[in-house]
Amino acid sequence: MDYTVSMFLNTLTPKFYVALTGTSSLISGLILIFEWWYFRKYGTSFIEQVSVSHLRPLLGGVDNNSSNNSNSSNGDSDSNRQSVSECKVWRNPLNLFRGAEYNRYTWVTGREPLTYYDMNLSAQDHQTFFTCDSDHLRPADAIMQKAWRERNPQARISAAHEALEINECATAYILLAEEEATTIAEAEKLFKQALKAGDGCYRRSQQLQHHGSQYEAQHRRDTNVLVYIKRRLAMCARRLGRTREAVKMMRDLMKEFPLLSMFNIHENLLEALLELQAYADVQAVLAKYDDISLPKSATICYTAALLKARAVSDKFSPEAASRRGLSTAEMNAVEAIHRAVEFNPHVPKYLLEMKSLILPPEHILKRGDSEAIAYAFFHLAHWKRVEGALNLLHSFRMIPYPLEKGHLFYPYPICTETADRELLPSFHEVSVYPKKELPFFILFTAGLCSFTAMLALLTHQFPELMGVFAKAFLSTLFAPLNFVMEKVESILPSSLWHQLTRI
């Protein structure tokens, strides 16, 4: 047997080793390219997926469904339900004005700051808030019902003017203020006209709301219109520098309509109070809305972190803290920052100006890059105003790992990247968390490809020397087999062994 192996190795030429290593390198390289493409597209390894899905059952793998079936089904339904709720797209409470802000950006840069998906969601919101089933009974409202469905901005504006020719239509003024006005002052003037018309409609429908479902739906629509107008007027005042007036308007609106939380007016109020540096009032608002039973947002979490950081940031030093340890106030600030970063890990890059900001979209995905942009766009100045706050954020910017397991919140959803790519313009590089780690098989095939390529190169350059090494390696590889065969020959009769070798 040993003689046969030696004869076989001696017949191999250096060209054979070159061909062998080159072919191995080519095959492993093709596998690496395919694995990388599959991972980039589907987020998992093809080899790993096949082995888990097909080979494990064949090898007798345990079926998880056979044990604790009821618990797993409940867990799956809960996780699916949470995934849907986590990836729900929300109206941005601080969204800009299309005509006065978004369109001006387009005129200057030639870029479209809003995606079609984002604008389509806004059109759906407008139809939900500003229309009702009885609109066809009133000519102006019937025109506006069609206007909200129009894709062409000029067609929408023309329809609004047509509706105003019939009577004073609040929703027509809203559309013109949002899309035709080229300055905030013009938008505010149109919203004041909308308020006059909308307030009259609201008072009339309020008296008739109990006369039937049709009147109730109309009153609900008029309520939405009135709240929207007052909120946008407060935002106009904030943009024009009348911050105290804006705060009063927001407080009055929240008192008048306490149950309408869908507009998230408290987030507008928090931003305005931070501009006034009324930190005690900010804390009072947080005490009401930073509750475990209420939905969280980047504004809530990061504003709470900013207030905690403000108490210690001016005297904080990482070197001193490492020597003496953290005080109670510093520990509270660090925990608040970690809580905020766990909720939305994209925000620190924008607050620390490690990534450039763009105009925020009209809709955001909570815990996503779109929400981070919307928050940092308005709150970066507030963080800069608090001395040392950004330094503290930079010192403790570590992202809780693994983020997807969750600590203070639900595990980080995996759907944020897809939704953010729909909401944010193509020229923006979407921030992605959690970072996808390369699967083992990609690393393995990369190493195998590199190793075989190196062997092919060495064999081509030094054929004689590599031939000696290859023969020595194969002889060592076959040594245990030769030992076993020799033992078998010594135990079995020579005649029987001769018959087996012939077979």
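Mentor: Happy to! This is a predicted model, where local features need pLDDT of at least 70 and side-chain atom pairs count only at pLDDT 80 or more, while totals for chains, interfaces and linings use all residues. Residues are numbered from 1 along each chain as its sequence is written, and side-chain values use heavy atoms, leaving out hydrogens and water.

Let's look at helix H13 (residues 265–275) and helix H14 (residues 279–289), whose axes lie 9 Å apart at an angle of about 160°. Helices here are DSSP runs of H or I with at least four residues, numbered from the N terminus; axes are lines fitted to C-alpha atoms over the stretch in contact, with angles from 0 to 180 degrees between N-to-C directions. H13 is therefore roughly antiparallel to H14, a label for angles over 145 degrees. The crossing of H13 past H14 is left-handed, meaning that the near helix is turned anticlockwise from the far one by less than a right angle.

From H13, His 266, Leu 269, Leu 270, Leu 273 and Leu 274 meet residues of H14, among them Tyr 279, Asp 281, Val 282 and Val 285; contact means heavy atoms within 4.5 Å.

Asp 281 also forms a salt bridge with Arg 251, the closest N and O atoms being 4.0 Å apart (a side-chain nitrogen of Lys or Arg within 4 Å of a carboxyl oxygen of Asp or Glu). This pair links distant parts of the chain, with Arg 251 in helix H12 (residues 243–256) and Asp 281 in H14, 30 residues apart. The structure holds 20 salt bridges.

Notes: Helices (H or I, at least four residues) and strands (E, at least two) are DSSP runs, numbered from the N terminus. Angles under 35 degrees count as roughly parallel, over 145 as roughly antiparallel, 65 to 115 as roughly perpendicular and the rest as oblique.
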